[in-house]
Amino acid sequence: MRSIILQILAVTAINLKSLPQRLWLSLATVIAVGLVVTVLLAFLSMANGFRRTIADSGAEDIAVVLRSGAVSEINSVVLRDQVRLIEDGPGIARGPDGKPQTSGELYLTVNGIKRSTGTKASLPLRGLGPLGPGLRRGVVITAGRMFNPGTNEIIVGRALGKEFEGFELGQTVTFNSTRWSVVGIFAADGSVFESEIWADLPVLQSLFKRAGSVQTVRARLTSPAAIETLRAYSDNDPRLKLDVMSEAAYFAQQASNTSDLIQKLGWPLAIAMALGSLAGALNTMYSSVAARATEIATLRAIGFGGFSAFVGTLVESLILAAIGGVIGAAATYLVFDGFTASTMGASFSQVVFNFQLTPRLIGQGLLLALAVGLFGGLFPALRAARMPIVAGLYG
Amino acid sequence: MNDLVLIRKNLFRRKLRAILMMVSILIAFAIFAVLASFERAFNAGQDRATPDRLVVLNKINFTQPLPISYYNRVAAIDGVAQITHFSWFGGYYQEPRNFIAAFAVDPENWMKLRDTDFVFSPEARAAFIRERTGVLVGARMMEKWGWKVGDHIPISSSIWSQKSGSHAWDFIIVGSFTARIPQADTNVMLMGYDYFNETRSFGKDLISWLALRTTSVAANERVIEAIDGMFANSPYETTTDSEKAFSKAFAAQLGNIALIVELVVGAAFVTILMIVGNTMVMTVRERTREIGVLKTLGFSGGRILRMVLGESILLALLGGLPGLGVALLLITKVRDSLMNFVPALSLYPDIAAAAVGLMVVFGIITGLVPALNAMRLNIVTALGRS
């Protein structure tokens, strides 16, 4: 047993020390594997960042009420009477003054200009009541102040302000021949709300001719379980044709389509590229075996086993692939991690998000790299182990 | 034995190696063809739009409505040849996830305007104008849901509701239409605006946007100014744009698809270029002695150069052409599941042609260094090298 281990160590050392002789071919394999891992991780970190931004925005103890079948806020219409019925519904938390903790909200989209491309993009403009900001986690004004009720004032999410032009503090923007002043910038714990513009609900209702109706109602629940009570209440009242769901469930559903799509694009592409680089790895390792034919035969002639030749070749291949994987992961981390992008969310409006590379994703990337190394080394290693001694010595 | 035979024999001398390289080239070109077609289909809206087509949208955002009265006012503007209005229905069939692209339009004028994209039978044309509750359904949508002309179908709206409170409308399919040009998407449903407007419970007399054709491209500028000027400072200001520019801006909202495609295709090509290029250098080096013999026999340097280049180009074509086949297969397979997202997905002939061109370029690049080395090889060194 000990001798086998010693043999393996010796052969592996010889393999690795002879790498510089096959520098270019080995380097090609390393870089090929690195590129495969970079492509995979870029897609995965994009999908992950998008999903986290949206899915983390939702709380379990906040209910979102939409018109049934509306799917997203932009489609929904909730009428004045329905809002009242919901406010009186069971399971809704009440403030110290006895008022229900709810916020009827309008969700409109307005045009903005994306800084990076200079093209028009749809941005969400949310009209909310005085309780609205309090129903969201970590909302703080980072510059300026809150809008005053009844005025044409808006506050702008931090992420939106960075990505789109014209929403700096103190600026005036025009929607529909009415002028609005940006009086504050707000943060919301990195959630999707940072990609929104907020204004006073009644002002938006009158300027956009939506008097009386809202699009969604948000409500704080007495407990996450109270969602069932509220849903049952809504389902049993024929006047309420509404979908009641937790904010967490709402956002999870909003995020899933886009992030699934990104992942569905990323994996097949990376696997296809991995197959391409597998061909390269096989080539490299076969050449490595061919180049060392005499050496392997000599070792066999002096008593080394075929198994050590097998392991030596396999380890060489795995190490090349692992180096490629690490380079790919490092490149993705340096280039893409934290990279800010924006795309169209489910409500036809922009969501600003950052690419997020996590250890788990890096693990997946390295696993793919090692798979290339394993398969790329396996057959050449078998050839090395089975090589007839005589042929090797005369080769 | 002519040179071609020699090239072929050389290439397949090590069968496994040749096949491996072909596989990696195949994958790179399959990726190229699929992604390039994907990007093209994604931007098909821009390709379809002829320059004389304009859209009139609410200035705030395209999701904001316009009053129906704008229809006649814009139609009266000098330079407007044809015009129709659209209202977004937000349709779904049975379940909200079964999205149906449905619009309420002015039937007669919509068909006139889209005559360049779609083929309407005289019966369908007449029935769509005549039947108030009739809908016209594109061929691909009919196929997708297994509908036929005469079917009664309930279509729900995720936005609108009927005065009765119901979210669903019962329509009769009165006709279908097919695409006249490949980029035109027939996964779409059209309904008469009058019936829709009378039955919905809110938003009465509002539309989503206007689409029009000008008398000539030269009139565009003037028409745009006339329309936007007419509604300036009104409660519904407009922004008029070419359909092409609008489609482009809309597609750009999803992100820079072109850049992503370029990066991935670039990464795939760099990978293969390195692998194949290095292998070609190695292959030719192994043959040094033989090349020396060929030169001794009187093969000129130029002929040797051509032979090595021929080999690398042949390799690229043998790998790349099946790659195009694989791409075609893949595209046909995923076409239906991606119908909502990229309607006109197909392997475009010019992309295939570009791929073949790239194969030749790729062959030349990977073969150039070894070919030059072989050409310059000195007989004495060649035969002396072991």
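Domain bounds are here taken from an automatic or database domain assignment. In this predicted model, where local features need pLDDT of at least 70, side-chain atom pairs count only at pLDDT 80 or more and totals for chains, interfaces and linings use all residues, side-chain values use heavy atoms, with hydrogens and water left out. Residues are numbered from 1 along each chain as its sequence is written, while chains are lettered from A and ligands numbered from 1 in the order in which they are written.

For chain B, the assignment gives domain 1 (3-44 + 256-384) and domain 2 (60-236), and the centres of these domains, taken over C-alpha atoms, are separated by 48 Å.

Helices (H or I, at least four residues) and strands (E, at least two) are DSSP runs numbered from the N terminus, and two strands pair if DSSP finds at least two bridges between them. Strand S9 (residues 152-157) of chain B runs antiparallel to strand S4 (residues 91-92) of chain B, to which two bridges join it, with Ser157(B) opposite Gly91(B). S9(B) also pairs in the antiparallel sense with strand S10 (residues 168-179) of chain B, over five bridges, and there Ile153(B) has Phe171(B) as its bridge partner.

Between the chains, 50 residues of chain A are in contact (heavy atoms within 4.5 Å) with 49 residues of chain B. No salt bridges, defined as a side-chain nitrogen of Lys or Arg within 4 Å of a carboxyl oxygen of Asp or Glu, are counted between chain A and chain B. Of the elements on the side of chain A that touches chain B, H7(A) gives the largest share, 13 residues.
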